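Here is a short note for a first reading of this structure. Please keep the model open while going through the points.

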Amino acid sequence: MSDARDAAPAVAGPRLLTGSPIAAEIRAGLTEDFAAFKERWGRAPTLAIVLVGADAPSAVYLQQILRTCAKVGVEGRLVEIGAEVTPDAVCEEIERLNADPEVAGIIVQMPLPAHIPLRTVIDSIDPAKDIDGIHPRNAGLLSLGYDGFLPATAQASVEILKRSGIEIAGKRVVVIGRSNVVGKPAALLLMREHGTVTVLHSKTRDLGHHTRDAEILIVAAGRPGLVTGEMLSPGVVVVDVGINVVPDGQGGEKLVGDVDFESARDVVGAITPVPGGVGPLTNALLLSHLLRAATDQAERAARQTAAEVAK
Ligand code: NAD
């Protein structure tokens, strides 16, 4: 008869907040919704992805998003522009996509070549097609708490908490990173969820002083190993948004987040793995924005046609 004392000790580990099952659930709903869209409007909406200058990490991401488009019934259109292009020519290409009724959403792959001003490109996207929420209009709507398109990664970092049943209201939430695409919008969304939010950045003194106070910690700095176990309080919930390619010690490469998983795992209450945490959720949310954009545009066009017929 076995004795409980003979049993192998249970390997206690943190709760892993995985994004893939949540993303699969969202995609399943989207597949139905895009089929209904096609039935109603006679075509699948198109997502245009603008890539200026070939870039290897972008290529991997782009294949992933194009595969997700195909899975849910969206036309993915890759618009490749050579790196030698002028800023005006990039904007003209975006304006063509703005005017194309088949294109419901536009995303521009970052980073852009150094001679292309980011601001000029962002400003040229029609806010109604800006499904990753980078246009100043959508960023402004977010900061005022109104409905616009949200930056998908920032939204994913909050959504993974909500869909994992983690209460945000009233919690001390610390965000590392203040970029316009991740840290800043994540902080605004967490405030919207009634978190008590502190934002840390590259000029913050004594990161650990602040991170040890966190009940929820969102890390989006792009610095592998930035957060170690001794910077965390027991039971903290950690969302690691970082995606970094580092040597795997065997001559190859691997993906890691910004949190040193090995030292953090025995301290945290829950943590998102990298890969497999926030990443999978980001694309699914982006396509849910595309559905909304496509529906709004198709309905607006139908209203305009009806108004013209009634004239
Ligand atoms: P960014 O370089 O634009 O911004 C990084 C931010 O981190 C800055 O605000 C900077 O002040 C802060 N920072 C940098 N070093 C720091 C330090 N030592 N201490 C404190 N703060 C520091 O990067 P980003 O576009 O916001 O992306 C952040 C990370 O998220 C990257 O690893 C990126 O690859 C990843 N990312 C993931 C997804 C996803 O789907 N999971 C999507 C986009 C970006």
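1. A polar contact is a pair of N or O atoms within 3.5 Å; within protein, one must be able to donate a hydrogen and the other to accept it, and residues adjacent in sequence count only if both atoms are side-chain atoms. The side chain of Arg-223 has an N or O atom 3.3 Å from a nitrogen atom of the ligand. For Thr-282, a side-chain N or O atom is 3.1 Å from an oxygen atom of the ligand.

2. This is a predicted model, in which local features need pLDDT of at least 70 and side-chain atom pairs pLDDT 80 or more, while totals for chains, interfaces and linings use all residues. Residues are numbered from 1 along each chain as its sequence is written, and side-chain values use heavy atoms, with hydrogens and water left out.

3. Which residues come nearest to the ligand? They are Thr-153, Arg-178, Ser-179, Ser-202 and Ile-243, out of 22 residues around the ligand (a residue is near if one of its heavy atoms lies within 4 Å). Helix α10, residues 278-310, gives the most to this shell, with three residues (helices are DSSP runs of H or I with at least four residues, strands are runs of E with at least two, and both are numbered from the N terminus).

4. Is Thr-211 buried or exposed? Thr-211 counts as buried because its relative accessibility is 0% (buried means under 20% relative accessible area, exposed over 50%, partly exposed in between, with a 1.4 Å probe and protein chains only). This residue belongs to helix α8, residues 207-211. Its side chain reaches the backbone oxygen of Gly-208 at 3.2 Å.

5. Strand β8, residues 237-240, has Val-237 and Val-239 pointing one way and Val-238 and Asp-240 the other, and all are buried. In a regular strand the side chains alternate between the two faces of the sheet. β8 pairs in the parallel sense with strand β7, residues 216-219, over four bridges (two strands pair if DSSP finds at least two bridges between them). Val-239 in β8 is the bridge partner of Ile-218. β8 also pairs in the parallel sense with strand β11, residues 270-271, over two bridges, where Val-237 stands opposite Ala-270.

6. Val-245 lies in strand β9, residues 244-247. Val-245 is exposed because its relative accessible area is 56%. Val-245 and Val-256 are eleven residues apart in sequence and 6.4 Å apart in space, C-alpha to C-alpha.
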